[in-house]
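Here's a quick briefing to read with the model open in your viewer.

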Amino acid sequence: MTDSFVHYASHNYYRHTNNKKTMFITSTPFSSPSTAFFSPPKPSKPLLRSTLYLRSSTSTSSSSSVTSTSYSNLAFNIKSRDNKNTVVSANMTSSVSSRTFLNAQNEQDVLSGIKKEVEAGTLPPSIAGGMEELYLNYKSAVIKSGDPKSDEVVLSNMTALLDRIFLDVKEPFVFEAHHKAKREPFDYYMFGQNYIRPLVDFNNSFVGNMPLFVQMQEQLKQGHNIILMSNHQTEADPAVISLLLELRLPYIAENLIYVAGDRVITDPLCKPFSIGRNLICVYSKKHMLDDPALVEMKRKANTRSLKEMATLLRSGSQIIWIAPSGGRDRPVANSGEWEPAPFDPSSVDNMRRLADHSGPPGHIYPLAILCHDIMPPPLKVEKEIGEKRIISYHGTGISVAPEVSFSNATAACENPEKAKEAYSKALYDSVTNQYDVLKSAIHGKKGLKASTPVVSLSQPWK
């Protein structure tokens, strides 16, 4: 979801700010009120028709209990006769919709609805083909989870997604340089969470060093900035991170902001998920030169995004995530094994310097994520938008390690260039070491026994 663009934008930015250096990628300040957040269902029982959380400024009838936020938005938690909580159905959203997909009662309705919109000239055939393929792949993955209500889960989540895709085709959403997750009247964040939730095998998923995540939250309360230097595996990375943290640390889960490449904010099948995340939108380093006529425009846009991030970091209490590799991990050519892609030392160094000069104290943590089985990217980087979506049900994992000190990592370096490389390598080595532990736990089937003195695995949702 991120792209290493700092070295394209930073020189222009420094020139225009009299060499004041600040850092980027963000979240809202910790002092701002937290959004209303319902406790997630048990992982083995994904939400059904109520997968999408809605927000309203009106109250429910006396028969419903209302959980309010501290800033007047209300999320409705309706108690049924058996005293079990359900959530207002996505079908009750106030968003404009043709109802083509939300009214679908079965798979035949969904597939015929896609065909109907193509024939009406309201849905491009290329997007329609992707929608149908996505439906069938998602269905196959959820069924493999063994959930007895998988058919209901698939119909609920896929009709909601297809409706959002179709709405965006008719009226495209335009992202600002700093995009805040759209939570009302349709809650895109919870929509994304509940779409990915059925794909995660929580019994075979793990979090490494949970106490360090708790420590981050305390640092945010103190006004500090947190920077997560991470590998990047799939379009589902943000949802996986949030799903594994949401029960214990809902603030971090909801407020983490990602540097997002232009592909995830332009691909019609991906946009609905991106709308539900806090983003700093950039043009990808890997695709910067695809069209020579657009290079200068892209660089100027990236400079604007950098300025947005600098402003946000100066306010403090920001938690940020970026993958300095500049894109998603891919299998290693000679072995076919997935490994974290190498970090770009220039991007790491620019981010470090920006963080150091932003004002509030900054903390740089190496984060590893393993989730490529759920939604692997194409084996090679593709220029064209519209990649094939392969979807699976699988275990996932995230792990964070202690901060990496620049002074300690570079003490023996002779010059700035060697220091830059040494610091980047120290962060990358920590990520790969954590990744190997997650791999042993998930792919090696060792579970919690894969823990090491450096990485202590847990399942905080249990």
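The axes of H5 and H7 come within 9 Å and cross at roughly 85°, with axes being lines fitted to C-alpha atoms (for helices, over the stretch in contact) and angles running from 0 to 180 degrees between N-to-C directions. H5 and H7 are therefore roughly perpendicular to each other, a label for angles of 65 to 115 degrees; under 35 is roughly parallel, over 145 roughly antiparallel, and the rest oblique. This is a predicted model, where local features need pLDDT of at least 70 and side-chain atom pairs count only at pLDDT 80 or more, while totals for chains, interfaces and linings use all residues. Residues are numbered from 1 along each chain as its sequence is written, and side-chain values use heavy atoms, with hydrogens and water left out.

**Helix packing**

- Helices (H or I, at least four residues) and strands (E, at least two) are DSSP runs, numbered from the N terminus.
- On the H5 side, Tyr 189, Gly 192, Gln 193 and Ile 196 meet Ala 239, Val 240, Ser 242 and Leu 243 of H7, where contact means heavy atoms within 4.5 Å.
- The residues of that H5 and H7 contact split into five nonpolar, three polar and no charged; Ala, Val, Leu, Ile, Met, Phe, Trp, Tyr, Cys and Pro count as nonpolar, Asp, Glu, Lys and Arg as charged, and the others, Gly among them, as polar.
- Over at H2 (residues 107-119) and H4 (residues 150-170), the axes come within 11 Å and cross at roughly 10°, which makes H2 roughly parallel to H4.
- Val 110, Ile 114 and Glu 117 are what H2 brings to Leu 155, Thr 159, Leu 162 and Phe 166 in H4, and the residues of this contact come out as five nonpolar, one polar and one charged.

**Cavities**

- There are four cavities of 30 Å³ or more, a cavity being a set of points, on a 1 Å grid over the protein atoms alone, where a 1.4 Å probe fits but cannot get out.
- The second largest cavity has a volume of about 230 Å³, meaning the space filled by probe spheres set on the points, with grid points joined across faces, edges and corners.
- Its lining has 19 residues, and Ile 196, Glu 235, Ala 236, Cys 270 and Phe 273 lie nearest the centre; lining residues have an atom within 4 Å of a point.
- H5 (188-196), H7 (237-245) and H9 (271-275) are the elements giving two or more residues to that lining, and H5 gives the most, with five.
- By type, the lining of the second largest cavity is 13 nonpolar, three polar and three charged.

**The sheet**

- Nine strands form an open sheet with mixed pairing, in the order E5-E9-E8-E10-E7-E11-E12-E6-E13; two strands pair if DSSP finds at least two bridges between them.
- The edge strands are E5 (178-179) and E13 (457-458), each pairing on one side only.
- E7 (residues 225-230) and E11 (residues 362-370) run parallel, joined by six bridges, and Met 229 stands opposite Pro 366 in E11.
- H11 (residues 345-356) lies across E7, E10 (319-322) and E11, at about 175° to E7.

- Most residues other than glycine have a negative phi, and most peptide bonds are trans.
- The bond from Glu 184 to Pro 185 is cis, with omega near -5°, and Pro 185 sits in the loop between E5 and H5.
- Asn 209 has a positive phi, near 60°, in the loop between E6 (206-208) and H6 (210-221).

Conventions
On a 1 Å grid over the protein atoms alone, a cavity is a set of points where a 1.4 Å probe fits but cannot get out, and a pocket is an open set with protein on both sides within 12 Å along at least five of seven lines; lining residues have an atom within 4 Å of a point.
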